[in-house]
Structures are given as C-alpha cells and as structure tokens.
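Here is a short briefing to read with the model open on your screen. Take a moment to find your way around the chain, then work through the points below.

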Amino acid sequence: MVRSGNVIKQQPKMLLLAKGNIRLRKWRLILVERAETKGTTSFGKRHNKSHTACRRCGKVSYHIQKKTCSSCGYPNKKMRQYNWGQKAKGRRTVGTGRMRYLKDMTRKFKNGFREGTQAKKQIKAT
C-alpha cells in the first residue's frame, strides 16, 4: 500500500526505517515519513510541455495554452522589448543578422549614392 507524501509499507520479518535504522521482526504496518524534496525526485515528474517553438523568433517560448510567445510577444505585431532588458535588446537589434540591404549603405553613402556611372580608369603615374 502506497500513499503520496508519507508512505505506508507492509513487509515481513525485517524492516529498516528511514530514521535510526530500527529493525522489526514481525508483520506490522509502519508509517515512514519522507522529507519534502525540491530536487531530484521532483524533476522526474516533469513530462508535460507548457512551451513549444515560436514561429517568429524560433525560441521554445511559445506558451501552448496562452497562445503567446514569452520572448518576442508573438502574435502581437510589435516585438516584445523592455528597457530593463538591455542585453536582450542588444541580441536582436539592427546589426545582429545578415543585414542584406544595410551592409551596402555605408559604401553607397560615401560615394554620394551615385548610379549608372562607370568608374574612371586610374592611370599609373610614371
């Protein structure tokens, strides 16, 4: 017979208790107290998933029941960001991705955004 929290055991002949190793040689019902643990035993009970991968940010932060992402705020149109999370803002700001368009802008700006011209041939000075 087993109950949650405290355990009731029924065993023949020899029984070792959690406290003090007391041996009993007869059939008895004994209540063994177990300490409330927050560690190893509790981790074995975690098999339900509350979060799954988010479509927008890709993190496993999309709450299945709430239907919102705790990282990027999806499905809200605006990305979730707070001033108290400066490091988090820096991880997803401009310049952290490929910058397919912006990486050419500094060079184009330097040349005055010219288009449709050919560069002049440079002649070696002799």
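Tyr74 counts as partly exposed, at 22% relative accessibility, where partly exposed covers the range between buried (under 20% relative accessible area) and exposed (over 50%), using a 1.4 Å probe and protein chains only. Please keep in mind that this is a predicted model, in which local features need pLDDT of at least 70 and side-chain atom pairs count only at pLDDT 80 or more, while totals for chains, interfaces and linings use all residues. Residues are numbered from 1 along each chain as its sequence is written, and side-chain values use heavy atoms, leaving out hydrogens and water.

**Aromatic pairs**

- The structure holds 3 aromatic pairs; rings of Phe, Tyr and Trp (its six-membered ring) pair if their centres lie within 6.5 Å, and planes under 30 degrees apart count as stacked, over 60 as edge-to-face and the rest as tilted.
- One of them joins Tyr62 and Tyr74 in a tilted arrangement, at 6.2 Å centre to centre and with 55° between the planes.
- Tyr62 belongs to strand β4 and Tyr74 to the loop between β5 and α2 (86-91), so this pair ties together parts that are 12 residues apart in sequence.
- Tyr62 counts as buried, at 19% relative accessibility.
- Phe109 and Phe113 make an edge-to-face pair, because their planes stand at 70°, with ring centres 6.2 Å apart.
- Of these two residues, Phe109 is exposed at a relative accessible area of 62%, whereas Phe113 is partly exposed at 46% relative accessibility.

**The sheet around Tyr62**

- An open sheet of 3 strands runs in the order β3-β4-β5 with antiparallel pairing; two strands pair if DSSP finds at least two bridges between them.
- β3 (51-52) and β5 (68-69) are the edge strands, each with a single partner, so one side of each has no neighbour in the sheet.
- Between β3 and β4 (residues 62-63), the antiparallel pairing spans 2 bridges.
- Across from Tyr62 in β4 you will find Thr52.

- Cys54 sits in the loop between β3 and β4 and is buried, with a relative accessible area of 5%.
- Beyond its neighbours within four places in sequence, Cys54 is in contact (heavy atoms within 4.5 Å) with Lys59, Tyr62, Cys69, Cys72 and Tyr74.
- Not counting residues up to four places away in sequence, Ser61 touches His51, Thr52, Thr68, Cys69, Ser70 and Ser71.

**The chain as a whole**

- The protein chain has 3 helices and 5 strands, which are DSSP runs numbered from the N terminus: helices are H or I with at least four residues, strands E with at least two.
- Reading from the N terminus, the elements follow the order β-β-α-β-β-β-α-α.
- Of the 126 residues in the protein chain, 13% are buried.
- Among contacts in the protein chain with a separation of 6 or more, 11% involve residues 24 or more positions apart.
- The protein chain exposes about 12,500 Å², with carbon and sulfur atoms supplying 52% of it; such areas come from the Shrake-Rupley method with a 1.4 Å probe, and for residues only the protein chains shown count as cover.
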